Amino acid sequence: MATFRATIDWSLKAGEDFANGRYGRGHTVSFAEHAVPATASPHVVGKWAQKGSVDPEEMLVASISDCHMLTFLHRARLAGFVVTRYRDAAEGVMEKTAEGRMAVTRVALHPEIVYEGRRPTPAERDRLHHEAHEECFIANSVKTQITVEEVEPAEA
């Protein structure tokens with residue numbers, strides 16, 4: 001078992017009007033060795049979002065993509081493939097659920113993977129992505145639909 005910690009730190013700034021919703025949503029998310037500027041999504045709070053900061057929905061999509069990549073790299077190595085680059089343009093969709101609540105309901109991963117030597121066949125590639133998805137701790141932690149559509153890398 002492992003324990004993961006994050007500290008969220010926000011404070012009202014002078015002149016902001018909390019009671020009327022006129023306050024900045026910028027804050028800091030700190031981990032053991034680093035901190036990240038964070039905010040509410042500009043799609044949710046508009047001008048009260050802090051520019052240049054990551055929002056929770058973006059962090060969720062990035063976490064899913066990052067976990068899939070790390071697990072895929074491990075599975076590819078075990079299968080004898082050499083990956084030299086992995087780039088994913090992941091995208092998540094936030095929409096109302098059947099219960100009328102807003103949620104990130106779908107995340108599509110679009111990895112572009114460069115190999116040295118033999119590339120996996122389509123069947124091997126699909127199996128590696130399936131194994132990565134099944135083993136990914138984050139994918140196992142959310143109920144969001146996650147799809148993987150590998151993209152062929154542009155020739156260098």
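Reply: Happy to! In α3, the buried residues are Glu 124, Leu 128, His 129, Glu 131 and Ala 132. This is a predicted model, where local features need pLDDT of at least 70, side-chain atom pairs count only at pLDDT 80 or more, and totals for chains, interfaces and linings use all residues. Residues are numbered from 1 along each chain as its sequence is written, and side-chain values use heavy atoms, leaving out hydrogens and water.

Me: What covers the buried residues of α3?

Reply: The cover includes α2, β7 (111-116) and β8 (145-148).

Me: Why is His 68 called buried?

Reply: Buried means under 20% relative accessible area, exposed over 50%, and partly exposed in between (1.4 Å probe, protein chains only). His 68 has a relative accessible area of 2%, so it is buried. His 68 is found in helix α2; helices (H or I, at least four residues) and strands (E, at least two) are DSSP runs, numbered from the N terminus.

Me: Which residues is His 68 in contact with, leaving aside neighbours within four places in sequence?

Reply: Contact means heavy atoms within 4.5 Å. Among the partners of His 68 are Tyr 86, Leu 109, His 129, Ala 132 and Val 148.
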